[in-house]
Amino acid sequence: MQAEHLVGRDAELDLAMEILRQEGAGAVLLVADPGIGKTALAAEIAARLAGEMVVMRIHGSPALSAVPYGVLAPYLLDLPVEQATSPVAILREFWSQFERRRGGDGARLLLIVDDAHDLDEGSTQILAELVTAGWARLVATSRPRPGLPAALLQLWYDGLAERLELHPLDKENVTELAEKTLGGAVMTSAAGILHTMSEGNPLLLHCLLEDSKTDGNLVRRNGVWLLTRALSGSGESLAEVVRNRVLRTSEAEREAMYVIALSEPVPAPVVDMQVGRDTVRALMDNRLVISSNGPGGPLKMWHPLYSEALRQIVSPARSLQIRQRMVQQLPAEPFTAEGLLRTVSWALDCGDAVDDEQLLEAAFLAAKTHQHPLAIAAADKVRSDALLPRARAVMALVNYVDGDYRGAVQLLEAGSGFLDADASVPLGASLLWAAARAAAGDSPADIVADAWTAAKALMGERELADPAPLTIEGNVRALEVAALAKDGHYEELRESLDRFTDEFAKDGCDLAAHRMFLRAMQCELLTVEGQAVEAMDAGREALLLLDEHHQEHLYLSDFVLLRYTLAALESGDWEAAGTGLDRYAAASASGLIYFGGDIEALKGLSLLRQGRLEKAVELLTPAVEALQLSDPLQLRSLGTALAFYAAAKSGNTQLARRLESEQGATAAGGAYVEALAELFRLAGEELLTTGQGLQKLRDLPEIPESGHLHRQPGILLQNLVLRAELGDVQAMESLRETASSMAGSWATGWASLAAAQLSGEGQGLVNAGNLLAATGMPGPAAVAFDKAALTFDAEGKRPEARQAAVLRDVSEAGLGDALAHDPHAEADRSVPLTRREQDIVALAVSGLTDRQIAEKLMVSVRTVEGHLYRSYAKLGIRRREDLGAAVRP
């Protein structure tokens with residue numbers, strides 16, 4: 001295993017080194033599941049101590065576990081045969097081998113024992129005696145089951161050894177390991193997927209990285225590594241690891257693993273009948289097989305990737321043979337969703353017939369969990385006329401998420417199934433059809449017109465007056481409502497929603513899909529109108545309905561969730577927005593592959609509104625790359641505009657220019673999203689070239705064609721906030737008035753700051769800063785406190801000024817923007833110093849100490865140190881003395 005696999009093991013390594021270097025007896029027992037890194041840690045310990053001790057390695061082996069002293073054979077070559085069973089003679093010969101290696105320098109012996117759980121009793125006793133006598137240090141690795149041999153455990157009981165249990169890596173460590181292995185940044189969502197799929201196992205992570213690079217799934221775009229589709233366990237690196245592990249088991253155990261991998265989760269009695277209970281127990285003892293629901297529960301392989309790799313290893317003929325032998329013993333109706341997917345997938349692989357209802361259920365579940373190949377394969381086998389529209393809807397959703405919008409439209413238009421309520425196709429299919437048409441470039445007007453044409457063709461010449469929501473006409477009316485929002489006609493949308501709601505109530509309809517749709521559209525309307533708290537209430541109602549009927553709807557979940565998240569961001573409820581975004585990966589981590597760019601874009605908007613600029617840049621730049629590959633929520637233009645603005649604001653002109661050139665993509669998002677994108681795009685232009693964007697921002701609400709949209713409070717507030725951040729004093733009065741009329745902590749915080757700035761009172765600014773800090777906006781809070789400090793200082797109120805400066809420093813520390821830096825890394829000249837960093841560096845070059853700089857700028861010494869440290873990183877230097885040369889033109 002490579003050295004970088006020691007990521008996250010610093011504490012264990014330091015403790016092990018301390019134990020082995022101490023006087024007296026010392027041993028370290030490393031216990032972990034396969035692939036966690038115990039062998040790599042033992043090797044690193046040996047490498048570090050090789051200059052101080054004589055290292056002798058011993059490898060446990062299942063083949064030698066029944067051979068007395070078998071693992072010591074390489075060190076017993078000179079032992080007479082008649083003494084091969086004498087522990088004393090073996091100990092003496094082993095020690096003589098050590099003496100030859102040691103020479104005359106008096107070095108101590110370090111024994112490195114790998115797979116100690118496979119040691120024979122005699123060898124274990126010899127090793128334990130060497131440690132007990134103080135003649136040797138020991139590092140032994142073992143799996144939790146069957147566990148360490150009794151003699152080594154006795155060392156622990158006697159206080160002569162330390163048992164260190166290694167745990168899987170957390171997400172942060174997985175990200176670090178992946179970036180070290182790949183030699184570049186890994187997109188946050190991709191790192192999350194790698195962590196989930198590998199379960200923090202370094203060996204499996206390495207296999208995933210190697211196999212994904214080989215098959216082109218893991219790609220690098222503008223320096224960022226990201227995934228293009230769902231990960232699989234079919235790669236050669238993983239297959240090799242699994243083969244090596246399988247070859248170390250008996251033939252009966254291999255057969256049992258094939259049975260379980262193909263049919264998991266499988267009832268334990270079924271496997272017992274196939275291969276015998278003792279075989280299953282042996283696999284469980286070795287942690288190759290686990291019980292999924294506690295003792296006696298269904299059996300499955302210890303890791304999903306092992307299961308998939310085993311299924312790839314088994315030949316089709318062997319798989320069919322096992323299925324024919326087991327099919328009568330397996331439950332006709334699997335107990336879990338996982339079991340259903342495995343049952344249908346195995347049947348399809350073997351060419352067996354599957355009931356249409358079961359095929360459709362599996363296709364639906366596979367689409368929800370982003371197992372796209374299985375979803376397509378299962379839905380494509382459905383033959384029932386009654387179920388075909390829903391099967392096509394499932395395939396259309398997969399095509400849509402994969403970016404094949406025209407393919408999705410064609411599937412949904414087959415037989416006008418996207419509108420036919422009698423065919424049991426939910427409203428979501430109609431909305432998906434409209435979304436696919438819009439993503440392909442069709443206008444809302446054309447989409448609605450074509451929907452009416454299709455509706456008339458379905459119903460013949462039937463009168464279309466006063467349709468009820470349950471009817472085909474009702475689905476078209478819903479598309480009309482959605483089109484109004486898409487085009488930004490929110491005044492008309494309110495009237496249309498009122499009519500739709502009245503018709504809905506009048507007809508006594510209780511169809512969940514229509515109720516969800518109504519609440520989602522009300523959520524969007526209220527968000528745009530600046531009533532974000534009410535909008536979130538409507539969104540929550542829609543989400544509750546979605547949870548109640550999660551087995552019935554596909555696209556509607558994305559439709560509802562996007563609007564709820566935007567409402568939460570407008571409200572300033574950052575936690576609720578994060579919780580909403582987490583739902584995209586709730587069913588499967590693979591959701592991050594397809595929705596990762598959209599999720600990161602919305603998280604970036606959240607960070608910018610909180611004032612966390614550096615974190616926003618870190619998140620948004622990779623998001624742009626991901627959005628070019630997958631954009632099911634149609635947020636590419638917003639994500640690119642946000643990244644452009646963040647890069648320009650951080651002073652990274654080179655990155656900003658590149659992102660500016662990538663903003664020509666067709667705007668496919670809704671009017672609200674595209675309006676936000678335009679605002680951030682213009683603000684970024686102003687930051688790059690003064691005078692280019694600010695006046696356009698001022699003019700937007702007055703433009704005849706789009707002014708009605710940009711005068712909506714939910715959009716106008718963002719305009720005014722950006723203008724305020726650009727230094728436009730003209731925006732302050734309007735900002736105070738607009739924000740005061742709105743609900744939500746984001747608006748309330750800015751209303752307070754605008755009022756305080758207009759009054760010019762130091763205490764008012766402090767109060768505004770406290771409110772902003774309390775509502776999770778440390779960036780604007782720091783601005784408020786900074787202005788308060790300057791105001792107090794100008795009035796000669798030094799104690800108040802210093803207190804405000806302390807509050808500012810606390811807010812700046814809360815931004816979490818300090819980045820860890822490797823002092824040996826080369827300077828990244830593409831990331832310039834911020835204005836504050838430039839000021840502090842200039843004062844440092846002039847000869848002022850950190851404390852003098854802090855007093856001059858009214859900041860804490862810690863703040864000065866932090867800015868200087870980040871400046872060293874950007875300038876590629878390691879000492880204060882090098883600052884002058886680094887900044888000299």
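In this predicted model, helices H16 and H17 are roughly antiparallel to each other, because the angle between them is about 160° and angles over 145 degrees count as roughly antiparallel. H16 covers residues 356-368 and H17 covers residues 372-380, and their axes lie 8 Å apart. If you look at the handedness of this pair, the crossing of H16 and H17 is left-handed.

Which residues make the contact between H16 and H17? On the H16 side they are Leu359, Ala363, Ala366 and Ala367, while H17 contributes Leu374, Ala375, Ala378 and Ala379. Sorted by class, that contact holds eight nonpolar residues, with no polar and no charged ones.

Now let us turn to the other pair, helix H6, which spans residues 171-182, and helix H8, which spans residues 202-214. Their axes come within 11 Å and cross at roughly 45°, and that crossing angle makes H6 oblique to H8. The crossing of H6 and H8 is right-handed, whereas the one between H16 and H17, as I said, is left-handed.

From H6, the residues in the contact are Val174, Leu177, Ala178, Thr181 and Leu182, and from H8 they are Pro202, Leu205, His206, Leu209 and Lys213. By class, the contact of H6 with H8 has seven nonpolar residues, together with two polar and one charged.

To put the general point in words, two packed helices are described by the angle between their axes and the distance between the axes.

Methods. Residues are numbered from 1 along each chain as its sequence is written. This is a predicted model: local features need pLDDT of at least 70, side-chain atom pairs count only at pLDDT 80 or more; totals for chains, interfaces and linings use all residues. Side-chain values use heavy atoms; hydrogens and water are left out. Axes are lines fitted to C-alpha atoms, for helices over the stretch in contact, and angles run from 0 to 180 degrees between N-to-C directions. Helices (H or I, at least four residues) and strands (E, at least two) are DSSP runs, numbered from the N terminus. Angles under 35 degrees count as roughly parallel, over 145 as roughly antiparallel, 65 to 115 as roughly perpendicular and the rest as oblique. A crossing is left-handed if the near helix is turned anticlockwise from the far one by less than a right angle, and right-handed if clockwise. Contact means heavy atoms within 4.5 Å. Ala, Val, Leu, Ile, Met, Phe, Trp, Tyr, Cys and Pro count as nonpolar, Asp, Glu, Lys and Arg as charged, and the others, Gly among them, as polar.
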